[in-house]
Amino acid sequence: MTKRIRFIMFVFFFISVATYGGNNVRFELIVPEKVYSGREFTIIFRLENAEGQDFRAPEFSGCQVIKGPEISHPSRYTMEWGIGRSLSYTDYAYILKTDRKKKVKIGAATVRVDGDLLKTASHTILLDKSSKQEYADNVISFTAVVPEKVEVGKTFKAVFVLKNAQGENFNLPVVKNCEFIYGPEVSRKGGFSFWGRTPIETVYTLILKAKKTGTVKFPSASVDVNGKVLKTKKVKIKILPESEKTRKTRFNEAQRKYQSI
């Protein structure tokens, strides 16, 4: 199963279960508890405790197929009345995007087990309206996060966050009055989850060291997104003189280091 499709089953509804034979064979549709208008979401057609052939996808109305079927074979171990047993599955997962209508209709999927046809019932999902915050979560942005103040001689982090896009060629011009220590360290989070798509963030972290007291004009960082260059706003950092506490700490460390001299 790809990283884009991960599920926590207790937040899903299990719908239209088709059973077969005496070995607890089930074929069911799993959908999120809530689906928002204009948003992406994930559904699973799950075959339990059987080998399926000739899976046929249903008709989807009121939405677009973004990806699928993604086929995987998860398993789990359960205890019932002190007796353990393992359950095996075949999951056929789809990522769909709603067409900003009031509902989505999912037709019946079919699969064959030992020559017999299992079929899920068709299902209608009533959509919830997306909030302004959810809409904002989809906007591509590139921002800088730096401290307002830092003491001279201290190291500090400069963090640049690219939201809802994959970036290339991250670049930060030379920062005057600061020594470059380390970076950029790149980390990513977000993507597809049990609710659909969560905001994707790419974080570029730099470690710098303040040299002299005064004001540092932090230049714009840039990154390429689909052939377009995005830039952060220029910011300023105040570099303060060394505090009395820092001076005492530095003096005590020097004293311990050279006390045998």
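The questions and answers below go through the strands, cores and ring pairs of a predicted model.

User: How many helices and strands does the secondary structure of the chain come to?

Analyst: In this predicted model, 39% of the 261 residues of the chain count as buried. Among contacts between residues at least 6 apart in sequence, 65% join residues at least 24 apart. The secondary structure of the chain comes to 2 helices and 22 strands.

User: Is strand β3 largely enclosed or left open by the rest of the structure?

Analyst: From β3, Glu40, Thr42, Ile44, Arg46 and Glu48 point one way, while Phe41, Ile43, Phe45 and Leu47 point the other way, and all are buried. In a regular strand the side chains alternate between the two faces of the sheet. Because 9 of the 9 residues of β3 (residues 40-48) are buried, the strand is largely enclosed.

User: Which residue stands opposite Arg46 of β3, and in which strand does the partner of β3 lie, parallel or antiparallel?

Analyst: The charged end of Arg46 sits over the ring of Tyr89, at 4.1 Å from the ring centre. Strand β2 (residues 25-32) is joined to β3 by 5 bridges, and the two run antiparallel. The residue that stands opposite Arg46 is Glu28.

User: Why is the pair of Phe60 and Tyr94 counted as tilted?

Analyst: A search of the whole structure finds 7 aromatic pairs. In the pair of Phe60 and Tyr94 the ring centres are 5.4 Å apart and the planes stand at 55°. Planes under 30 degrees apart would count as stacked and those over 60 as edge-to-face, so an angle between these limits is called tilted. The pair of Phe60 and Tyr94 is therefore tilted, with its planes at 55°.

User: How many residues apart are Phe60 and Tyr94, and which residues does the cluster of ring pairs link?

Analyst: Phe60 belongs to strand β5 (residues 60-61) and Tyr94 to strand β8 (residues 83-98), and the pair links distant parts of the chain, 34 residues apart. Both Phe60 and Tyr94 are buried. The cluster that ring pairs link is made up of Phe45, Phe55, Phe60, Tyr92 and Tyr94.

User: Which residues touch the most other members of the largest nonpolar core?

Analyst: The elements that give two or more residues to the core are β15 (155-163), β18 (196-210), β19, β20 (222-225) and β22. Apart from this core lies another, of 24 residues, including Leu29, Val31, Ala109 and Val111. Within the largest core, which has 25 residues, the members that touch the most others are Phe142, Phe156, Phe160, Leu162, Leu172 and Phe218.

User: By what distance are the C-alpha atoms of Val159 and Leu206 separated?

Analyst: Val159 lies in strand β15. Not counting residues up to four places away in sequence, Val159 touches Thr143, Ala144, Val145, Val203, Tyr204 and Thr205. Val159 and Leu206 are 47 residues apart along the chain, and their C-alpha atoms are separated by 6.4 Å.

User: Which strands stand at the edges of the open sheet of 3 strands, and why is one side of each left without a neighbour?

Analyst: The order of this sheet is β14-β22-β19, with mixed pairing. Neighbouring strands are turned by 30° against each other on average, direction ignored. β14 and β22 (residues 235-240) pair in the parallel sense over 3 bridges, with Lys149 opposite Lys238 in β22. Because each has a single partner strand, one side is left without a neighbour in the sheet for the edge strands, β14 (149-151) and β19 (214-218).

Definitions and conventions:
Residues numbered from 1 in each chain as written. Predicted model: local features only at pLDDT ≥ 70, side-chain atom pairs only at ≥ 80, totals over all residues. Heavy atoms only, no water. Pairing = 2+ DSSP bridges. Helix = DSSP H or I, 4+ residues; strand = E, 2+ residues; numbered from the N terminus. Axes fitted to C-alpha atoms, helices over the stretch in contact; angles between N-to-C directions. Core = buried A, V, L, I, M, F, W, Y, C linked by side-chain atoms within 4.5 Å. Buried < 20%, exposed > 50% of the residue type's maximum accessible area, 1.4 Å probe, protein only. Phe/Tyr/Trp six-rings, centres within 6.5 Å; stacked < 30°, edge-to-face > 60°. Lys NZ or Arg CZ within 6 Å of the ring centre and 35° of its normal. Contact = heavy atoms within 4.5 Å.
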